Amino acid sequence: MRDRLIQGNILFAPIKKTKIQYKGKTVTAHKLTIASSMEMNIDEAWQRVKTSALLEFLSEGKVTFKPTGGHFPETWKQGSTITTRMLINGFFPFGGLHTLFFEKIDEENKIIQTREHDAFAKVWDHTIELQYINKEILVYQDEIIIYGGILTPILSSWARMFFRHRHRRWQLLVDEKFQSA
C-alpha cells in the first residue's frame with residue numbers, strides 16, 4: 001500500500017469480509033484499511049498518536065467523546081481500559097458505553113492496537129501504524145476489523161466515512177504543523 005501513496009493522498013483498500021472468532025463462534029466481520037502519506041517527522045507524529053488530544057481533534061465534527069471518568073488520560077497506556085459515550089455529530093448517542101482496551105503500544109515499531117466494543121460494534125479492533133516511505137514522508141495507516149451482527153455493513157460504511165474524515169483532519173495538522181492541536 002505504501003508504494004501507491006503520494007504525499008498528501010488518502011488511500012482506501014476495499015472493505016473486505018474476514019472470518020473472526022466472536023463468543024466461541026466463527027462470524028463474518030469486515031476489514032477496512034485506510035492510509036495516508038504526509039511530510040512529517042515520524043517521531044513527532046508518533047508522540048501525537050499516543051495522545052487523547054489527537055483522537056479528539058481527528059474526530060471533531062463527526063464524533064464527540066464523553067469519557068465516563070470525566071476526561072481521557074493525556075496519553076494512552078498499554079494495558080489500560082477506557083470507557084466513553086460517543087455522540088455522533090455532537091448530538092446523537094451511539095452504541096451506549098464504548099470500551100477501548102489498549103492491548104499494544106509498540107514504541108519501536110510505532111503501532112497501537114486497541115480492542116473496542118459497544119452495544120452496536122461487538123468487535124472494533126483498531127490498529128494504527130506509522131512507517132517511513134523515505135526520510136521525509138511517512139504513512140499513517142488505520143486498519144479496523146468490525147463486527148456488529150446484522151449491523152456490520154452499516155457500521156463498516158460509517159467507519160469508512162469517519163476514517164476518511166480523520167485522515168483529512170490529519171492533513172490539516174500537517175499543513176498547520178500541529179499548531180492547532
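Colleague: Which residues of α2 meet α3, and what classes make up the contact?

Modeller: Keep in mind that this is a predicted model. From α2 come Leu54, Leu55, Phe57, Leu58 and Ser59, and they meet Phe162, His165, Arg166, Arg169, Trp170 and Leu173 in α3. Sorted by class, that contact has seven nonpolar, two polar and two charged residues.

Colleague: How are α2 and α3 oriented, roughly parallel or roughly perpendicular?

Modeller: The axes of α2 (residues 52–59) and α3 (residues 152–176) come within 8 Å, and they cross at roughly 110 degrees. The range for that label is 65 to 115 degrees, so α2 is to α3 roughly perpendicular.

Colleague: And what is the handedness of the crossing of α2 and α3?

Modeller: With the angle between the axes at roughly 110 degrees, the handedness is the other thing to state. For α2 and α3 the crossing is right-handed.

Colleague: Is histidine 167 buried or exposed?

Modeller: Histidine 167 sits in helix α3. Leaving out residues up to four places away in sequence, histidine 167 touches Ile10, Ile34, Ala35, Ser36, Tyr140 and Asp142. Its relative accessibility is 0%, so histidine 167 counts as buried.

Colleague: Which side chain does the side chain of asparagine 109 make a polar contact with?

Modeller: Asparagine 109 is in the loop between β6 (92–106) and β7 (111–117). At 44% relative accessibility, asparagine 109 counts as partly exposed. The polar contact of its side chain, at 2.9 Å, is with the side chain of aspartate 106.

How values were computed: Residues numbered from 1 in each chain as written. Predicted model: local features only at pLDDT ≥ 70, side-chain atom pairs only at ≥ 80, totals over all residues. Heavy atoms only, no water. Axes fitted to C-alpha atoms, helices over the stretch in contact; angles between N-to-C directions. Helix = DSSP H or I, 4+ residues; strand = E, 2+ residues; numbered from the N terminus. Parallel < 35°, antiparallel > 145°, perpendicular 65-115°, else oblique. Left-handed = near helix turned anticlockwise from the far one by under 90°. Contact = heavy atoms within 4.5 Å. Nonpolar A, V, L, I, M, F, W, Y, C, P; charged D, E, K, R; others polar. Buried < 20%, exposed > 50% of the residue type's maximum accessible area, 1.4 Å probe, protein only. Polar contact = N/O pair within 3.5 Å; in protein donor to acceptor, adjacent residues only side chain to side chain.
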